[in-house]
Amino acid sequence: MKSPRWRRHISWLWLSILCFALLFAVLSYEAGWGQPQVSRYFNNTGKLTDKQLATRARERLQNSLETLLTENPQHPHYPAISQQLNIVYGLLNVPLYLDEYPCAQGTLDRLDRLDRTLATGAPVSHELAASLLLPVIQCVSDIEAGQEAKRTRVALMLLEEIENNRRMLLWWALAGCLAGFGFWALHESQRRAYTRDLHDKLEWMHRASHDPLTGILNRRALDQDLRAAIAEYRAHGQLFSLVLCDIDYFKQYNDALGHPQGDRALKDVVNAIAGALRPGDTLYRYGGEEIAILLAGADREQGQRIAERVLERVRALGIAHPEGIGGILTASAGIALVSDSGPDAEAIIAMADRQLYQAKQSGRDQLF
Ligand SMILES: Nc1nc2c(ncn2[C@@H]2O[C@H](COP(=O)(O)OP(=O)(O)OP(=O)(O)O)[C@@H](O)[C@H]2O)c(=O)[nH]1
């Protein structure tokens, strides 16, 4: 059955790789994640730096008040104080303070008033100086405290945001890892199932063409190879011979020593025959105790020489046979050359079979 179209295009392996790639991307992003947050913090704290202005203003105000309270009214240094107050005015005259702190505008008015008084050169009493500057210092201190509280709030928010991001990242990383490994596991099971299927198919193919007892090719394989060899002969005149080999008096062997012993002897005979062949020759179990040998490229002389060698190897095994020729297991063989029988599978087999029959009729343990 054909798998659905999407299954052929999306494999679990690719999904797994995608998950790990996303995980990597998230981690890379995390590496630079702190950066925008920190810059946001400094953007926010840009407004907070005004706290420093208030601090500087407060210090100058305190110095000015101290000077005014310790001033010798006979030798006043009002211009210097006035200069300090002008600087303070400039430090406090910022939109942020005026927008957010109600006392800020009154503070500027008071500074203005004191400055104008100083400008007249008339002595400024301690009471006047204190009544004008103390509320100003109080307001500036409030601004300082307010800005400081704001800075703390922003810092806390930033920490909380970073913590939330970390937690979210952890969950995403965990999910990415689990999904990646999950898809990889699916891919692995799919791969194993595929390998198992392939293995099964190969085994079935092997079983379909091989004999289970001896492990050599079977008759079906011989039919196929014979057709291929005939095609080759027709196309290029490539000669070949077919030898049919049959164990002599095998029924008696089985009857005397039992079927399991007969199986062992059959395997020994097959191994002996295989040992007598050339690399390009092929062995088949044609049926029962009958073995076929396809001798590629062999003319009559070569075919006969190999077939004789086969019979000799069987003899040389020396398997004891109570009713065998000379007391041992032997075999007979019939050979057919493609050029004699005609390029037809059935005709070649029939000819080799007739030759084998002749060998049996002539006393067995021989080639015909
Ligand atoms: N042990 C065993 N015996 C088998 C197997 N296949 C076929 N046989 C036996 O081979 C014997 C063939 O007997 P026959 O066809 O009469 O031939 P034969 O006894 O060898 O006599 P000739 O061929 O005339 O020499 C039968 O007894 C089958 O049971 C096998 O796989 N194992």
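**Figure 1. Contact between helices α7 and α8 in the predicted model.** Cys103, Ala104, Thr107, Arg110, Leu111, Arg113 and Leu114 of α7 meet Leu132, Pro135, Val136, Cys139, Val140, Asp142 and Ile143 of α8; two residues are in contact if their C-beta atoms, placed from the backbone, lie within 7 Å. The residues of this contact comprise 10 nonpolar, 1 polar and 3 charged, where Ala, Val, Leu, Ile, Met, Phe, Trp, Tyr, Cys and Pro count as nonpolar, Asp, Glu, Lys and Arg as charged, and the others, Gly among them, as polar. Helix α7 spans residues 103-120 and helix α8 residues 126-209; their axes come within 9 Å and cross at roughly 145°. Axes are lines fitted to C-alpha atoms, for helices over the stretch in contact, and angles run from 0 to 180 degrees between N-to-C directions. The crossing is left-handed, meaning that the near helix is turned anticlockwise from the far one by less than a right angle. Helices (H or I, at least four residues) and strands (E, at least two) are DSSP runs, numbered from the N terminus. Residues are numbered from 1 along each chain as its sequence is written. The model is predicted: local features need pLDDT of at least 70, side-chain atom pairs count only at pLDDT 80 or more, and totals for chains, interfaces and linings use all residues.

Figure 2. Four strands are arranged in the order β2-β3-β1-β4, with antiparallel pairing; two strands pair if DSSP finds at least two bridges between them. Strands β2 (282-287) and β4 stand at the edges with a single partner strand each, so one side of each lacks a neighbour in the sheet. From one strand to the next, the twist averages 25°. Strand β1 (residues 240-247) is joined to β4 by 7 bridges; Ser241 has Leu337 as its bridge partner in β4, and Leu244 has Gly334. Between β2 and β3 (residues 290-296) there are 5 bridges, and Gly287 has Glu290 as its bridge partner in β3. The hairpin of β2 and β3 has 2 residues between the strands, and Gly288 there takes a positive phi near 50°.

**Figure 3. Burial of strand β4.** In β4 (residues 331-337), 7 of the 7 residues are buried, so the strand is largely enclosed by the rest of the structure. A residue is buried if 20 or more other C-beta atoms lie within 10 Å of its own, exposed if 12 or fewer, and partly exposed in between, with C-beta atoms placed from the backbone. In a regular strand the side chains alternate between the two faces of the sheet. Here Ala331, Ala333, Ile335 and Leu337 point one way, whereas Ser332, Gly334 and Ala336 point the other way.

**Figure 4. Surroundings of Val243 in the largest nonpolar core.** This core has 46 residues, of which Val243, Ile293, Ala333 and Ala352 touch the most other members. A nonpolar core is a set of buried Ala, Val, Leu, Ile, Met, Phe, Trp, Tyr and Cys residues joined through C-beta atoms within 7 Å. When residues up to four places away in sequence are not counted, Val243 touches Ile293, Leu295, Gly303, Ala307, Ala333, Ile335 and Ala352. Apart from this core lies another, of 23 residues, with Leu68, Leu111, Leu118 and Ala129 among them.

Figure 5. Most residues other than glycine have a negative phi. Tyr249, in the loop between β1 and α10 (250-257), has a positive phi near 45°. Tyr249 is partly exposed, with 18 other C-beta atoms within 10 Å. Arg364, in the segment after α14 (345-361), has a positive phi near 70°. Arg364 is partly exposed, with 16 other C-beta atoms within 10 Å.

**Figure 6. Asp225 in helix α9.** Asp225 is found in α9 (residues 219-236) and is partly exposed, with 19 other C-beta atoms within 10 Å. Leaving aside its neighbours within four places in sequence, Asp225 is in contact with Thr282 and Leu294. The C-alpha atoms of Asp225 and Ala345 are separated by 9.8 Å, although these residues are 120 residues apart along the chain.
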